Amino acid sequence: MGETLPFLRNSYWILRHGKSIPNENGLIVSSMANGTLEEFGLAPEGIQQAKLAGELLDKELKARNIPIETVRICYSPFSRTTHTAKIVADVLGISFKSCQCKAMTELRERFFGPLFELLSHDKYAEIWVLDEKDPFTSVEGGESVADVCSRLSIALTALEAAYQGCNILLVSHGDPLQIFQTILHAAKDKTSAEVDISLRIKQVMTHSILSQHRKFALLTAELRQMK
């Protein structure tokens, strides 16, 4: 856990979804069309992982005397992330239909392209090799690291404009959360706290930074506070 980033108006927690049926079956499910299907939701083990993550967050909030009214849960609309977010909300005693919970398409899974969709997750290794070579180039029809970075910047800018002093849980996927951590880790080194967050992110969208997103790899259903 760590302190709030000084240039942000809110505190952010990130959570990767629990073990999903695609994880269990070793499949890449990254398109919006497939990802929102109920058949690609959480596996039984993932349901338990999401519950444990919710309990951990609840414990942290109480230890820090953070009012539940300040908590917001923003999540990818994929079925595995939506289910994870709902379980966490239930643990915290937050109504999933309330204004404290919000689906954001910008938090969706990175689309790895039609050439990889529904293939073995062993193919991820090929994508990550390409990321290291050029994070601005994508596999045909898919999203590059820079593409994902751009939409995450839009999400963060919107949240910073909408809220102040809130504790925001972002429930998303492995690659997007790795990239999110990468850019915020780099952006915090910018000297002026007055620099707009979207500008900060643009300044750190360089080959040397984006190509290293894998060092922030998340385990399934791992909860972290941004440092």
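Author: Before we start, one term: a polar contact is a pair of N or O atoms within 3.5 Å; within protein, one must be able to donate a hydrogen and the other to accept it, and residues adjacent in sequence count only if both atoms are side-chain atoms.

Reader: Okay, which residue does the side chain of Ser31 make a polar contact with?

Author: Glu117; the two side chains are joined by a polar contact of 3.1 Å. A polar atom of the Ser31 side chain also lies 3.1 Å from the backbone nitrogen of Asn34.

Reader: What kind of model is this, and how are residues numbered?

Author: It's a predicted model, where local features need pLDDT of at least 70 and side-chain atom pairs count only at pLDDT 80 or more, while totals for chains, interfaces and linings use all residues. Residues are numbered from 1 along each chain as its sequence is written, and side-chain values use heavy atoms, with hydrogens and water left out.

Reader: Back to Ser31. Where is it in the chain?

Author: Ser31 sits in the loop between helix H1 (21-25) and helix H2 (32-35). Helices (H or I, at least four residues) and strands (E, at least two) are DSSP runs, numbered from the N terminus.

Reader: Is Ser31 buried or exposed?

Author: Buried, with a relative accessible area of 12%. Buried means under 20% relative accessible area, exposed over 50%, and partly exposed in between (1.4 Å probe, protein chains only).

Reader: What's Ser31 in contact with, leaving aside neighbours within four places in sequence?

Author: Phe78, Phe111 and Glu117. Contact means heavy atoms within 4.5 Å.

Reader: New topic: His213. Where's that one?

Author: His213 is in the loop between helix H9 (207-210) and strand S5 (223-225). At 1% relative accessibility, His213 counts as buried.

Reader: And what does His213 touch?

Author: Not counting residues up to four places away in sequence, His213 touches Arg110, Trp128, Asp131, Val145, Asp175, Gln178, Ile179 and Thr182. With Gln178, the side chain of His213 makes a polar contact of 3.0 Å.

Reader: Zooming out, how many helices and strands does the chain have?

Author: There are 9 helices and 5 strands. The radius of gyration is 17 Å, close to the 17 Å that the globule rule gives for 227 residues, so the chain is as compact as a globular protein of that length. That radius is taken over C-alpha atoms, and the rule is 2.2 Å times the number of residues to the power 0.38.

Reader: What share of the chain is buried?

Author: Buried residues make up 53% of the 227 residues.
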